[in-house]
Amino acid sequence: MKPDEEYVLAALASKFGGKYIDGEDPPDGYLLLNNRKIAVEVTKLVEHINENGKRRSRLADDVPISNIVAQLNEEIGNLIPNNRWIHLVIPSPIKGINEFKKELTRIIINMITTKTYEAVIDILGYVVAINLYKCQQPPKIKVVQAIATQFASTNIDENTLFLLENRISIKNKICNANGEIDEYWLALFNTYCMADIDSYRGAYESLQLDHNFSKIYIIDGYRRVYKLC
């Protein structure tokens with residue numbers, strides 16, 4: 001079971017009681033609740049970007065950046081003073097990610113050495129903001145990032161409509177409702193922070209989608225569970 005799937009199933013078990021077990025993919029898992037076996041399909045609501053009229057998930061662009069930031073934590077985290085942490089604003093997408101990381105690492109180490117606490121620097125054609133903020137307690141994660149994309153859409157209504165229609169339609173095609181189950185749920189893990197439950201409920205009412213799920217829930221980053229339908 002993937003970490004996101006376990007996170008969502010744990011949130012559902014905490015909300016409704018019972019326990020969860022692994023599924024056959026599909027479904028991703030089962031919720032065992034009051035002598036009922038509920039199949040649960042899990043998927044992410046991830047912001048999509050609109051590049052030249054074509055929509056796609058921004059994960060493919062953002063994950064390589066998140067990976068190099070995780071590597072920076074491991075490789076140079078011990079060089080950052082205990083009373084400082086680093087915040088990076090990095091554009092997305094980046095080509096030549098390995099060369100970018102090499103140059104970014106060199107710049108950060110130089111900033112630490114020279115006690116330079118903020119900079120906006122062009123790295124291989126990408127403008128990056130670097131801030132070494134002061135903190136009272138040593139942070140667990142020394143380097144964090146904000147990723148900015150030039151293709152992000154600010155139309156929340158349009159984005160929520162697309163995300164719901166895309167995820168529900170695709171998951172409905174692969175849902176495996178065979179076997180002895182009492183219900184089949186779809187659990188949507190919302191990582192699109194611009195949209196709240198009211199945004200999704202409005203979008204769902206507008207779409208009027210047909211699907212085979214008994215219930216659809218939205219789970220946020222605080223493990224809050226909201227019923228969509």
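In which loop is the place of Arg 223? Arg 223 is found in the loop between strand 11 and strand 12 (225–227), where helices (H or I, at least four residues) and strands (E, at least two) are DSSP runs numbered from the N terminus.

The model shown is predicted: local features need pLDDT of at least 70, side-chain atom pairs count only at pLDDT 80 or more, and totals for chains, interfaces and linings use all residues. Residues are numbered from 1 along each chain as its sequence is written, and side-chain values use heavy atoms, with hydrogens and water left out.

**Figure 1. The protein chain as a whole.** The protein chain has five helices and twelve strands. Its C-alpha trace spans about 65 × 40 × 30 Å along the principal axes. Of the 229 residues in the protein chain, 44% are buried. Buried means under 20% relative accessible area, exposed over 50%, and partly exposed in between (1.4 Å probe, protein chains only).

Figure 2. Arg 223 is a residue other than glycine with a positive phi, near 65 degrees. Arg 223 counts as partly exposed because its relative accessibility is 44%. Asn 34, which is not a glycine either, has a positive phi of about 50 degrees. The place of Asn 34 is in the loop between strand 2 and strand 3. With 64% relative accessibility, Asn 34 counts as exposed.

**Figure 3. The loop between strand 1 and strand 2.** Glu 24 is placed in the loop between strand 1 (19–22) and strand 2 (29–33). Glu 24 counts as exposed because its relative accessibility is 54%. Together with Glu 6, Asp 22 and Asp 25, Glu 24 forms a negative surface patch. Patches are made of residues with over 30% relative accessible area and no salt bridge; like charges are joined within 9 Å, and nonpolar side chains (Val, Leu, Ile, Met, Phe, Trp, Tyr) within 5 Å. Lys and Arg count as positive and Asp and Glu as negative, while His and the chain ends are not counted. Asp 25 is joined to Pro 26 by a cis peptide bond, with omega about 5 degrees. Pro 26 also lies in the loop between strand 1 and strand 2.

Figure 4. The structure holds seven salt bridges, each defined as a side-chain nitrogen of Lys or Arg within 4 Å of a carboxyl oxygen of Asp or Glu. In one of them, the side chains of Asp 4 and Lys 44 meet at 2.9 Å, N to O. Asp 4 belongs to helix 1 (residues 3–16) and Lys 44 to strand 3 (residues 36–45), so the pair ties together parts that are 40 residues apart in sequence. Asp 4 is partly exposed, with a relative accessible area of 30%. Lys 44 counts as partly exposed at 29% relative accessibility.

Figure 5. The side chains of Arg 106 and Glu 103 form a salt bridge of 2.6 Å, N to O. Both residues lie in helix 3 (residues 97–114), three residues apart, about one turn of the helix. Arg 106 is partly exposed, with a relative accessible area of 49%. Glu 103 is partly exposed as well, at 26%.

Figure 6. Lys 215 and Glu 183 meet through their side chains in a salt bridge of 2.9 Å, N to O. This pair links distant parts of the chain, with Lys 215 in strand 11 (residues 215–219) and Glu 183 in strand 10 (residues 183–190), 32 residues apart. Glu 183 counts as buried because its relative accessibility is 14%. Salt bridges that share partners join Arg 36, Glu 183 and Lys 215 into one network.

Figure 7. Strand 4 (residues 48–51) pairs with strand 5 (residues 54–57) in the antiparallel sense over four bridges; two strands pair if DSSP finds at least two bridges between them. Glu 51 stands opposite Lys 54 in strand 5. The hairpin has two residues between the strands, and Asn 52 takes a positive phi near 55 degrees there.

**Figure 8. Strand 6 and its partners.** Strand 6 (residues 84–92) runs antiparallel to strand 8 (residues 126–134), and six bridges join them. The bridge partner of His 87 in strand 8 is Asn 131. Strand 6 runs parallel to strand 9 (residues 143–149), joined by seven bridges. Val 89 stands opposite Ala 146 in strand 9. The peptide bond from Ser 92 to Pro 93 is cis, with omega near 0 degrees. Pro 93 lies in the loop between strand 6 and helix 3.

Terms used: Areas by Shrake-Rupley, 256 points an atom, 1.4 Å probe, with all protein chains shown as cover. Charge placed at Lys NZ, Arg CZ, Asp CG, Glu CD.
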